[in-house]
Amino acid sequence: MAYTLPPLPYAYDALEPSIDTRTMEIHHDKHHQAYVDNANKALEGSDMANMPVDELITKLDQVPADKKNALRNNAGGHANHGLFWTLMRAGQDNNQPSGELATAISDSFGSFDAFKDKFEDAAKTRFGSGWAWLVMQGGKLAVVSTANQDSPLMGEAIAGVSGTPILGVDVWEHAYYLNYQNKRPDYLKAFWNVVNWDEVAKLYAAAK
């Protein structure tokens with residue numbers, strides 16, 4: 001069963017002004033579609049072709065050597081983006097987590113603001129393309145970053161980090177350059193307006 005591009009759970013312009021409509025159109029319809037197409041091509045004839053993408057990227061050590069890089073990049077890109085779209089919603093003023101998630105963030109990082117600083121720093125200092133993540137790691141929350149389309153689900157041997165992602169931000173230039181150009185920090189500040197904390201809370205509860 002081939003992978004398919006999941007529809008956005010909101011309109012292309014829903015994240016304005018934090019993330020502009022044209023960026024969302026290109027990012028979803030072109031970039032994510034390319035990851036889906038290339039992952040499917042790499043999986044043709046493979047007995048792993050029916051495996052859910054999140055499971056597949058945890059088993060890259062079982063992928064034939066001639067397919068491994070293609071699937072690391074493209075199945076990784078499909079998994080990361082499929083999660084990313086669900087982690088955002090129309091912008092809200094004073095957008096913050098609540099309940100158990102808010103308590104866990106404060107317990108882990110000292111405060112919500114301290115968490116935001118750590119998360120933004122991970123995203124700003126990721127050289128080149130990649131992601132910053134809030135993950136469940138050994139029963140605790142942690143902030144990590146990965147290069148390119150690596151995911152913490154791939155594990156330390158491949159991605160350099162491990163954990164179950166519950167929040168992620170894409171810092172490839174295609175995610176923000178039309179509106180923010182080289183101002184990645186401005187994009188990261190705007191990202192907080194559109195985080196879907198309800199979805200993050202669900203992922204946190206499932207990962208505990």
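In what order do the 3 strands form an open sheet? Select them and you will find the order E2-E1-E3, with antiparallel pairing. Strands here are DSSP runs of type E with at least two residues, helices are runs of H or I with at least four, and both are numbered from the N terminus. Two strands pair if DSSP finds at least two bridges between them.

Before going on, a word on what you are viewing. This is a predicted model, in which local features need pLDDT of at least 70 and side-chain atom pairs count only at pLDDT 80 or more, while totals for chains, interfaces and linings use all residues. Residues are numbered from 1 along each chain as its sequence is written, and side-chain values use heavy atoms, with hydrogens and water left out.

**Stop 1: the sheet**

Colour strand E1 (residues 130-137) and E2: 8 bridges join this antiparallel pair. Click on Gly-130 and look across to Ala-147 in E2, which stands opposite. Now move to the edges, where strand E2 (140-147) and E3 each have a single partner strand, so one side of each lacks a neighbour in the sheet.

**Stop 2: just past E2**

Next, select Asn-148, in the loop between E2 and helix H6 (156-159). Asn-148 is not a glycine, yet its phi is positive, at about 55°. Its relative accessible area of 39% makes Asn-148 partly exposed (buried is under 20%, exposed over 50%, partly exposed in between, with a 1.4 Å probe and protein chains only).

**Stop 3: another asparagine**

Jump to Asn-94, in the loop between H3 and helix H4 (99-109). Asn-94 also has a positive phi, near 50°, and counts as exposed at 65% relative accessibility.

**Stop 4: helix H9**

Show the side chains of Trp-197, Val-200 and Tyr-204, the buried residues of H9. They cover an arc of only 55° around the axis, which puts them on the same side of H9; the arc is that of the directions from the helix axis to the C-beta atoms. Turn to the face away from this buried side to see the exposed Lys-202 and Ala-206.

**Stop 5: the cis bond**

Head for Pro-17, in the segment before helix H1 (21-43). Which peptide bond is cis here, with omega near -5°? Look at the one from Glu-16 to Pro-17.
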